[in-house]
Amino acid sequence: MKVCIVGASGKLGRYMIRHALDRGYQVVGVCRARSVGKLAEFKDAITIVAGATDDRDVIKSAVSGCDGVLAVLVPWGVQQYATGTAQAVLDFARPGARLVFSCGWHITRDGQDVYPWTHKAFVRAFGWFARLVRLADLDDQVEACRRVFASESRWTVVRGSDLEEGESEGLPMWSRHVGDPVLASNRTRRVDFALFMVAALENDDLVHEAPAIVSCKSPSALAHAHSAA
């Protein structure tokens with residue numbers, strides 16, 4: 001399988017590269033020119049395409065011939081960076097390619113997610129401040145995902161809980177809606193977020209799903225597994 005990783009130089013992107021290479025995939029990584037150095041450890045193992053991830057010409061070149069695309073939707077700035085990235089992937093990925101996008105829990109597909117007040121307050125406060133200083137625009141990520149959800153492509157949008165570093169705990173558990181008790185612990189290892197993204201490429205059950213994930217070793221996931229048993 002040939003896979004394009006859009007946003008390859010970030011922590012999540014580098015973990016996805018490792019997981020993809022471990023599976024024997026051919027990898028093309030896209031990152032901004034100033035971040036190419038972060039991929040030095042992979043320079044002999046992958047093809048690197050330097051450029052902004054919302055640059056349509058860059059994405060068109062990078063996804064050519066790829067069977068799957070893993071895209072980190074980052075709402076940097078206030079110029080619809082995430083939306084531009086998502087739209088370019090949707091427009092230029094080959095028909096039938098598996099497209100897997102990353103975002104946070106604050107994205108909802110059908111409005112049936114139930115968020116704790118603390119989460120809603122944080123999203124409102126951070127969103128206001130980030131836009132004020134022109135650091136990021138959470139509405140950009142919302143629009144990017146809206147376009148993905150409306151697409152007829154073979155997409156999956158993986159919604160991550162709070163992320164932490166550390167050794168892998170295994171493939172995360174998931175639910176269609178935030179508010180499901182299995183997600184209550186609200187934590188996932190970043191390396192396992194990447195693992196779920198890569199594993200989704202070959203999981204047809206996740207086509208047209210927006211799974212919210214949580215560590216399989218978190219208390220809420222373990223409690224769910226115990227009750228199910």
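A search of the whole structure, a predicted model, finds 14 salt bridges.

Arg56 and Asp91 pair through their side chains, with N to O at 2.9 Å. Arg56 has a relative accessible area of 37% and is partly exposed. Asp91, at 38% relative accessibility, also counts as partly exposed.

A second salt bridge is formed by the side chains of Arg189 and Glu169, at 3.3 Å from N to O. Here too, distant parts of the chain are linked, 20 residues apart. Arg189 sits in strand 9 (residues 188-189). Glu169 sits in the loop between strand 7 (163-164) and strand 8 (173-175). Both Arg189 and Glu169 are buried. The two residues also take part in a network of salt bridges, in which Glu164 and Arg187 are linked with them.

Glu209 and Arg176 make a further salt bridge, with their closest N and O atoms 2.6 Å apart. Glu209 lies in the loop between helix 6 and strand 10 (212-214), whereas Arg176 lies in the loop between strand 8 and strand 9. The pair therefore ties together parts that are 33 residues apart in sequence. Glu209 has a relative accessibility of 10%. The cut-off for burial is under 20%, so Glu209 counts as buried.

Helix 6 also takes part in a helix packing. Helix 1 (residues 11-22) packs with helix 6 (residues 190-200) at an angle of about 55°. Their axes are 8 Å apart. The two helices are therefore oblique to each other. The crossing of helix 1 past helix 6 is right-handed. On helix 1, the contact is made by Lys11, Leu12, Tyr15, Met16, His19 and Ala20. On helix 6, Arg190, Val191, Phe193, Ala194, Leu195, Met197 and Val198 contribute. The contact residues comprise 10 nonpolar, one polar and two charged.

Key:
Residues numbered from 1 in each chain as written. Predicted model: local features only at pLDDT ≥ 70, side-chain atom pairs only at ≥ 80, totals over all residues. Heavy atoms only, no water. Axes fitted to C-alpha atoms, helices over the stretch in contact; angles between N-to-C directions. Helix = DSSP H or I, 4+ residues; strand = E, 2+ residues; numbered from the N terminus. Parallel < 35°, antiparallel > 145°, perpendicular 65-115°, else oblique. Left-handed = near helix turned anticlockwise from the far one by under 90°. Contact = heavy atoms within 4.5 Å. Nonpolar A, V, L, I, M, F, W, Y, C, P; charged D, E, K, R; others polar. Salt bridge = Lys/Arg side-chain N within 4 Å of Asp/Glu carboxyl O. Buried < 20%, exposed > 50% of the residue type's maximum accessible area, 1.4 Å probe, protein only.
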